[in-house]
Amino acid sequence: MSLIKVCDEGQLKPGEMMSIENDELPPIALYNIDGKYYATSNICTHAIAILTDGYLEGDTIECPLHGGSFNAKTGEAKEFPCEEPLQTFEVEVKDGEVFIEA
């Protein structure tokens, strides 16, 4: 596994999310929840939708198409119609930079 830099630590404030597009990674949603970073697939498992077009409230990401939701920390599906969990990715912060394990 290798670490891919995706942003600087200050780019994503607590309570925010961002889409990560990198040729070495699949589409990823990066979240800052209470100062800690988490990453999941950015594609809803119920229907093809970009999760970062939805809403992040606490640790819950809501899909913009049908209102289903996931736990952004674990990828677990929380609300119907979402039933399959999201793929999660390890995130590491080093020297003020945020990396995702590829």
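**Basis of the entries**

I worked from a predicted model, in which local features need pLDDT of at least 70 and side-chain atom pairs count only at pLDDT 80 or more, while totals for chains, interfaces and linings use all residues. Residues are numbered from 1 along each chain as its sequence is written, and side-chain values use heavy atoms, with hydrogens and water left out.

**Pocket**

I noted the criterion: on a 1 Å grid over the protein atoms alone, a pocket is an open set of points where a 1.4 Å probe fits, with protein on both sides within 12 Å along at least five of seven lines, and lining residues have an atom within 4 Å of a point.

I listed the lining of the largest pocket as K36, Y37, Y38, A39, K73, T88, F89, E90, V91, E92 and V93. The elements that give two or more residues to this lining are β4, β9 and β10 (91-94); strands here are DSSP runs of E of at least two residues, numbered from the N terminus. β4 gives the most, with four residues.

**Sheet**

I traced an open sheet of four strands in the order β2-β3-β4-β9, with antiparallel pairing. β2 (17-20) and β9 (88-89) are the edge strands, each with a single partner, so one side of each has no neighbour in the sheet. Two strands pair if DSSP finds at least two bridges between them; β3 (residues 28-33) and β4 (residues 36-41) pair in the antiparallel sense over six bridges. Within this sheet I found Y31 opposite Y38 in β4.

**Salt bridges**

I applied the rule of a side-chain nitrogen of Lys or Arg within 4 Å of a carboxyl oxygen of Asp or Glu. The count by this rule is three.

Which residues are linked in a network of salt bridges? I found K5, D8 and E97. The K5 and D8 side chains meet at 3.0 Å, N to O, and the closest N and O atoms of E97 and K5 are 3.2 Å apart. The latter pair links distant parts of the chain, E97 in β11 (residues 97-101) and K5 in β1 (residues 3-8), 92 residues apart.

I then recorded the accessibility of these residues, where buried means under 20% relative accessible area, exposed over 50% and partly exposed in between (1.4 Å probe, protein chains only). K5 is partly exposed at 38%, D8 is partly exposed at 34%, and E97 is partly exposed at 27%.

I also located a salt bridge between K78 and D59 at 4.0 Å, N to O. This pair joins K78 in β8 (residues 77-79) to D59 in the loop between β5 (55-57) and β6 (60-62), 19 residues apart. K78 is partly exposed at 41%, and D59 is partly exposed at 24%.

**V6**

Is V6 buried or exposed? V6, in strand β1, counts as buried at 16% relative accessibility. Not counting residues up to four places away in sequence, I found V6 in contact (heavy atoms within 4.5 Å) with I20, L25, L30, V98, F99 and I100. V6 and I28 are 22 residues apart in sequence and 10.0 Å apart in space, C-alpha to C-alpha.
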